[in-house]
Amino acid sequence: MKLSGNTILITGGASGIGLAFAEQFLKEGNEVIVVGRREEKLAEAKRKYPQLHTKVCDVSVEQDRIQLYEWVIKEFPQINVFVNNAGIQQRVNLLNAKNDWRFYQNELAINVEGPIHLSMLLLPHLTKQKEATIINITSGLAIQPGVWVPIYSATKAAMHSFTVTLRQQLENTSVEVVEVLPPAVNTDLGGVGLHTFGAPLNDFIAGIFDGLRNQKSEIGYGGTEKRLTATKEEIEQGMKNAWQNFLKNNPDF
Ligand SMILES: NC(=O)c1ccc[n+]([C@@H]2O[C@H](COP(=O)([O-])OP(=O)(O)OC[C@H]3O[C@@H](n4cnc5c(N)ncnc54)[C@H](OP(=O)(O)O)[C@@H]3O)[C@@H](O)[C@H]2O)c1
C-alpha cells in the first residue's frame, strides 16, 4: 500500500497498537479516524493529536457498526483504508468457566463478528476507490494457540482464515488485504500489566511499517515472523512449552 495520502479508519485506535498505528499514519501524511468505546480515551488521543478524528463505537454491537459505516462514508467519502484492530483477550480455564455465556460471547463478537461485518459493510465503498487496503490485526496466536486464552486464540485463527479468503476474493479488485500478526507487545491487552513483558510498542510499529513499505501481505515481528514459516511440529512444541511456562507463572489458573 502507499503510506501517505490515505483516509484511514482504525477500530480501537485510542490506545495501544491502534493508537501507535494512528500516530505513525499521521506522521506519514494521512487523514486518520479512530473509534473505540471509551469517550475519555478518544478525547485523550485527540488532545495529544488534534488532527485526529474520533467516534464512539462498540464494534460488538450490530447497530453501532451500521451507524459507524453510514457516518464514515458520509463524513469521509474518500476513506480508502480500514484497519480492524479493536480486540479483547480473556484468560479462560475451560474446566472452570463460571461466567454467563454473554461474557465469552463478547470476545467472539468483538474479535470476529465486528471485523467481518464492518469489512463487509465497507467493501462496496472500498472497491470503488482507486487504491484501497484492509489491514487485519490478528496475532501470532492465530497460528500457535495460547492454551490459557482458548477463545481468543480461536477468534484470531478465524480472522487469519477470513483474511486469506478475503484476499483471494479481492484479487482482481483495487483492494489489497494485509494481515499483521503481532507477538506479545507491551499494551494494556487483557488488563493493565499483563503484557509488560512484550515488545516495546515503538519497535513493533517500526517493524510493521517496514513490512508495509515493502508491500508484504502477511507481516510478523520477532517471534511471529518465524512462526509464519514454522513446521507443524515446531508449532505444537512451541504451544506446549508456552503452556507449561504459563502454568509455572500462574499456579492458581
Ligand atoms: N498487545 C499484544 O500483545 C497483542 C498481541 C497480538 C495481537 N494483538 C492484537 O492487537 C489489537 C490491539 O490490541 P492492544 O494490544 O493494543 O490492546 P489494548 O491496549 O487493550 O487496546 C485495544 C483497543 O481496542 C478497543 N476496543 C476494545 N473493545 C472494543 C469494542 N467493543 N469496540 C470498539 N473498540 C474496542 C479499546 O478501546 P475501548 O476499551 O475504549 O473500546 C482499545 O483502544 C487487538 O486485536 C489484539 O488482539 C495484541
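His 117 is located in helix α4, where helices (H or I, at least four residues) and strands (E, at least two) are DSSP runs numbered from the N terminus. The model is predicted: local features need pLDDT of at least 70, side-chain atom pairs count only at pLDDT 80 or more, and totals for chains, interfaces and linings use all residues. Residues are numbered from 1 along each chain as its sequence is written, and side-chain values use heavy atoms, with hydrogens and water left out.

His 117 is buried, because its relative accessible area is 19%; buried means under 20%, exposed over 50% and partly exposed in between (1.4 Å probe, protein chains only).

| Residue | In contact with |
|---|---|
| His 117 | Glu 62, Arg 65, Ile 66 |
| Leu 212 | Met 1, Leu 3, Phe 21, Phe 25, Ile 135, Val 178, Ile 219 |

A nonpolar core is a set of buried Ala, Val, Leu, Ile, Met, Phe, Trp, Tyr and Cys residues joined through side-chain atoms within 4.5 Å. In the largest nonpolar core, which has 31 residues, those that touch the most other members are Ile 10, Phe 21, Phe 25, Leu 52, Ile 135 and Leu 212. Helix α1 gives the most to this core, namely seven residues. Apart from this core lies another, of 27 residues, including Val 59, Ile 79, Leu 118 and Leu 121. In soluble globular proteins, nonpolar side chains tend to be buried together.

Terms used. Contact = heavy atoms within 4.5 Å. Lists of a residue's contacts leave out its neighbours within four places in sequence.
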